[in-house]
Amino acid sequence: METISIGIIGAGYIGREHARSIRLIRTMFGDKVKLVGIADINIDAAKNAARDFEIEYATDDIDAIINDPKINTIFSCVPTKFHFDVISKAAACGKAIFCEKPFAISPEQAQQVHDLLISTNTPHQIGFVLRYAPTYHAMKQLLAERASESKLRTIILRDDQVFPIKGISHFTDWRSHAELAGAGVLIEHGIHDLDLFEWLFGKITRVSANSKNFHGYVGIEDQIEIRMEFENGVTANMIHLWHDIAAHQSIRHFEIFFQQSLVTSDTYDMHHITVRNSVAESKFERPDLYRMIADQPLFKDIAHREDLVFVSDYYAIQDYWFVRNLLENKPLSPTIVDGLRAYKLAYACYDSAEKDGAWVATA
Ligand SMILES: NC(=O)c1ccc[n+]([C@@H]2O[C@H](COP(=O)([O-])OP(=O)(O)OC[C@H]3O[C@@H](n4cnc5c(N)ncnc54)[C@H](O)[C@@H]3O)[C@@H](O)[C@H]2O)c1
């Protein structure tokens with residue numbers, strides 16, 4: 001594509017995040033990238049975003065954006081149930097699509113989204129933003145170093161978040177309705193971790209899970225504990241929970257045990273990693289992580305633009321690469337194939353939870 005002209009559908013938390021990111025990075029592409037329109041059924045939300053992020057127009061008519069001939073790229077940022085509608089219409093008009101995870105409210109709908117994007121050969125990317133987070137690229141590098149020294153034994157992840165309904169940074173409650181969200185914390189939030197785990201540690205072969213519902217929203221688990229095994233026999237434990245501890249927002253806490261070292265990390269905004277072995281404890285703070293990955297292809301060309309893209313700003317980094325790869329006709333990543341894989345992993349966990357934690361193969 002020679003130019004990218006963007007329409008955003010949904011002006012809530014993530015729609016605004018993409019609008020903010022594109023507004024930052026577009027100056028790196030001269031006049032080749034434009035923020036043309038934004039739609040939301042809540043017209044005030046659309047107008048506010050247009051004002052805040054210098055978008056040419058706002059509307060409450062979704063079809064007006066999708067059918068606008070000036071727009072060739074659609075960002076789908078609506079509650080999960082509505083992605084399919086946006087994607088189908090945008091693909092039918094031949095637009096490129098950035099679709100937020102988890103992109104469907106059921107495995108059947110997830111398969112439909114997959115088949116549609118593949119059969120129409122639509123250029124697309126799925127919002128597994130952690131794949132663009134400098135911390136995890138640095139972590140991958142540190143893990144490779146540790147793995148050359150001793151065997152990886154086991155991984156523990158606790159991923160907790162204030163229940164994102166009407167809290168400090170979320171102002172809508174669709175995540176408490178199964179017909180809009182599909183299910184609870186795992187499909188809505190933990191799907192990032194399932195994708196990240198296979199990216200970091202390899203293929204997951206089987207899972208065993210137990211879920212709980214403390215808040216009482218029907219069909220919305222707010223705690224799920226998962227045991228899993230990777231192809232190489234390594235095991236992991238994950239726990240995902242939505243809580244009401246406002247002073248403790250959203251933290252991913254990793255403990256990665258090798259025979260001779262332990263890698264730990266707490267990642268909220270940015271992020272640190274600690275490595276302990278038999279002789280020392282090394283702490284890698286933000287600048288250290290930055291230095292570790294600055295020469296990697298994903299970050300090299302933007303490393304000198306910290307005036308625009310803060311190194312911890314993985315949404316902006318993600319959107320930079322989406323736009324750049326579209327302009328250069330290069331492959332986009334992650335795709336719906338990755339998306340469907342993570343979706344199936346999540347549903348294998350739900351399947352296991354229904355069978356009281358029985359092991360379920362993940363094919
Ligand atoms: N990748 C990430 O890190 C990330 C983070 C947050 C949310 N998400 C995903 O993004 C999607 C949106 O989440 P959010 O947090 O922005 O929700 P949100 O409730 O903050 O925003 C959604 C917006 O869509 C509007 N809307 C509702 N139905 C609509 C429709 N049919 N057409 C147009 N607009 C409509 C709402 O008025 C609201 O302004 C979800 O699928 C969520 O899972 C991804």
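Me: Is Lys140 buried, exposed or partly exposed?

Reply: A residue is called buried if 20 or more other C-beta atoms lie within 10 Å of its own, exposed if 12 or fewer, and partly exposed in between, with C-beta atoms placed from the backbone. Lys140 has 14 other C-beta atoms within 10 Å, and is therefore partly exposed. Please note that this is a predicted model, in which local features need pLDDT of at least 70, side-chain atom pairs count only at pLDDT 80 or more, and totals for chains, interfaces and linings use all residues. Residues are numbered from 1 along each chain as its sequence is written.

Me: In which element does Lys140 have its place?

Reply: Helices (H or I, at least four residues) and strands (E, at least two) are DSSP runs, numbered from the N terminus. Lys140 belongs to helix H6 (residues 134-147). Between Lys140 and Trp199 there are 59 residues in sequence and 9.0 Å in space, C-alpha to C-alpha.

Me: How is the chain divided into domains?

Reply: Domain bounds come from an automatic or database domain assignment. Here they give domain 1 (4-122) and domain 2 (132-328 + 343-354). The centres of domain 1 and domain 2, taken over C-alpha atoms, are separated by 25 Å. To their contact, domain 1 contributes 27 residues and domain 2 contributes 25 residues; two residues are in contact if their C-beta atoms, placed from the backbone, lie within 7 Å.

Me: Which element gives the largest share of the side of domain 1 that touches domain 2?

Reply: The largest share of that side, 7 residues, comes from H1. By class, the side of domain 1 that touches domain 2 has 16 nonpolar, 7 polar and 4 charged residues. In this scheme Ala, Val, Leu, Ile, Met, Phe, Trp, Tyr, Cys and Pro count as nonpolar, Asp, Glu, Lys and Arg as charged, and the others, Gly among them, as polar.

Me: What is the strand order in the open sheet of 6 strands?

Reply: Two strands pair if DSSP finds at least two bridges between them. The order in this sheet is S3-S2-S1-S4-S5-S6, and the pairing is parallel. Strand S3 (57-59) and strand S6 (124-126) are the edge strands, each pairing on one side only. Strand S4 (residues 73-76) pairs with S5 in the parallel sense over 4 bridges, and Phe75 stands opposite Phe98 in S5. H1 packs on the sheet, touching strand S1 (4-9), strand S2 (33-39) and S4, and its direction makes about 160° with that of S2. Axes are lines fitted to C-alpha atoms, for helices over the stretch in contact, and angles run from 0 to 180 degrees between N-to-C directions.

Me: How many strands has the open sheet with mixed pairing?

Reply: That sheet has 9 strands, in the order S14-S13-S12-S11-S7-S10-S9-S8-S15. Its edge strands are strand S14 (281-284) and strand S15 (360-361). Strand S9 (residues 223-230) and strand S10 (residues 235-243) are antiparallel partners over 7 bridges; in S10, Ile239 is the bridge partner of Glu225.

Me: Which residues are closest to the ligand?

Reply: A residue is near a molecule if its C-beta atom, placed from the backbone, lies within 6 Å of it. The ligand is surrounded by 27 residues, and the closest are Gly12, Tyr13, Ile14, Glu100 and Thr172. Helix H1 (residues 13-25) supplies the largest share of this shell, 3 residues. The shell contains 15 nonpolar, 8 polar and 4 charged residues, and at least three residues come from each of domain 1 and domain 2.
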